[in-house]
Amino acid sequence: MTEKAIHFNNVSFEVNQIKIIHPLTATLYKGKITTLIGPSGAGKTTLLKLCNGLISGTTGNIQVDGQRIDTFEPTALRRKVGIALQSAPILKASVYENLALPRKLQNQSLTKEEACRFLNDVGLTEDFLMRGANDLSGGQKQKLSIARTLVNKSEILLLDEITAALDPKSVREIEQLIVDLNERFGTTIVWITHDIEQARKLGHYTWLLKNGELIEASETEKLFTSTNEVVQQFLARGDDK
C-alpha cells in the first residue's frame, strides 16, 4: 500500500459563506508526484495553502504523515511541507544570503559548503553563491527558490505554477530538477500546472478541480482516459479556461 503524505477528511473552505473548496476526502501519496489541473479559479492554490497551514479549512481535518495539521507547531509544519511559488520572493541580497534565510529564521547558520551542496542539488554551480539574487534569470531564480526550500529538508514540496513564466529551456530544466528530487530523495511533490501535457508527463497521480470541487483524483493515465464527461471536456479544450 502506498503511504499517505497528506490526507483530506471532508475538508472544505469558504469565505463570506462562499464555498471556495467544497467538502472533499482524498489522499496525496508519499513519494509521488501529484499534478493539480483545472480552470482558473477552480480552487487549486487554495488547496495548496491548506496543505501547509497557510489557511485553515472551514470543515473537516487534514493529516500530514498521520498527524492532524492543527497539532503541528507552525514553523515545524512549514519545514516539513515547503512551498515554491510562481513569483518566488527573492531578497535583494546574495544567493548565499537567500539560501541562509530559512536557517536564520531558526537562529541557525548555513555554511557556504552546505549552500554549495544545495545549489548543486538544483543544477547551479558554486559560482552563483555570491552573485546578487536579483541579477539571476527567471529560471535561475526559480531554482534558487527550490534550493531555499530544500534547506529545510522538506519532505513534501508544494509547487504553484513555477514554470508558467519561463522559457522552454528553463521549463525543461525545472521539470528535470523536480523529477530528480522526487527520485533521489523521495520528496513528495504536489504541482499545480495549467500545462496539460506537463501534468500528464510528470504526474504519477493527477487531480482535476473545477468550481472548488474535486472532479476526479486518480493515477494520471487513468484520469487522461477517464469516461467522466467533465474530465473529457476539460482535456479536449487543452487549456485552463
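Leu129 is buried, because its relative accessibility is 6% (buried means under 20% relative accessible area, exposed over 50%, and partly exposed in between, with a 1.4 Å probe and protein chains only). The model is a predicted one, in which local features need pLDDT of at least 70 and side-chain atom pairs count only at pLDDT 80 or more, while totals for chains, interfaces and linings use all residues. Residues are numbered from 1 along each chain as its sequence is written, and side-chain values use heavy atoms, with hydrogens and water left out.

Leu129 sits in the loop between helix H4 (112-121) and helix H5 (138-151); helices (H or I, at least four residues) and strands (E, at least two) are DSSP runs, numbered from the N terminus. Its C-alpha atom is 5.1 Å from that of Tyr96, although 33 residues separate the two along the chain. Leaving out residues up to four places away in sequence, the contacts of Leu129 (heavy atoms within 4.5 Å) are Ser94, Val95, Tyr96, Leu99, Lys112, Ala115, Cys116 and Leu119.

Ile178 contacts Ile146, Leu159, Ile162, Ile189 and Trp191, leaving aside neighbours within four places in sequence.

Next come two of the helices. H3 and H5 pack at an angle of about 35°, their axes 8 Å apart. Axes here are lines fitted to C-alpha atoms, for helices over the stretch in contact, and angles run from 0 to 180 degrees between N-to-C directions. The crossing of H3 and H5 is right-handed, that is, the near helix is turned clockwise from the far one by less than a right angle. On the H3 side the contact is made by Val95, Asn98, Leu99, Leu101, Pro102 and Arg103, and on the H5 side by Leu144, Ala147, Arg148 and Val151.

Charged pairs are the last topic. There are 13 salt bridges, each being a side-chain nitrogen of Lys or Arg within 4 Å of a carboxyl oxygen of Asp or Glu. In one of them, Arg184 and Asp121 pair at 3.3 Å, N to O. Arg184 belongs to helix H6 (residues 168-185) and Asp121 to helix H4, so this bridge links distant parts of the chain, 63 residues apart.

Lys143 and Glu173 form a salt bridge at 3.2 Å, N to O. Lys143 is in helix H5 and Glu173 in helix H6, so the pair ties together parts 30 residues apart in sequence. Lys143 is buried at 9% relative accessibility, whereas Glu173 is partly exposed at 31%.

Lys30 and Glu3 pair at 3.6 Å, N to O. Lys30 lies in the loop between strand E2 (18-29) and strand E3 (33-37), and Glu3 in the segment before strand E1 (4-15), so parts 27 residues apart in sequence are tied together. Lys30 is partly exposed at 31% relative accessibility, and Glu3 is exposed, with a relative accessible area of 51%.
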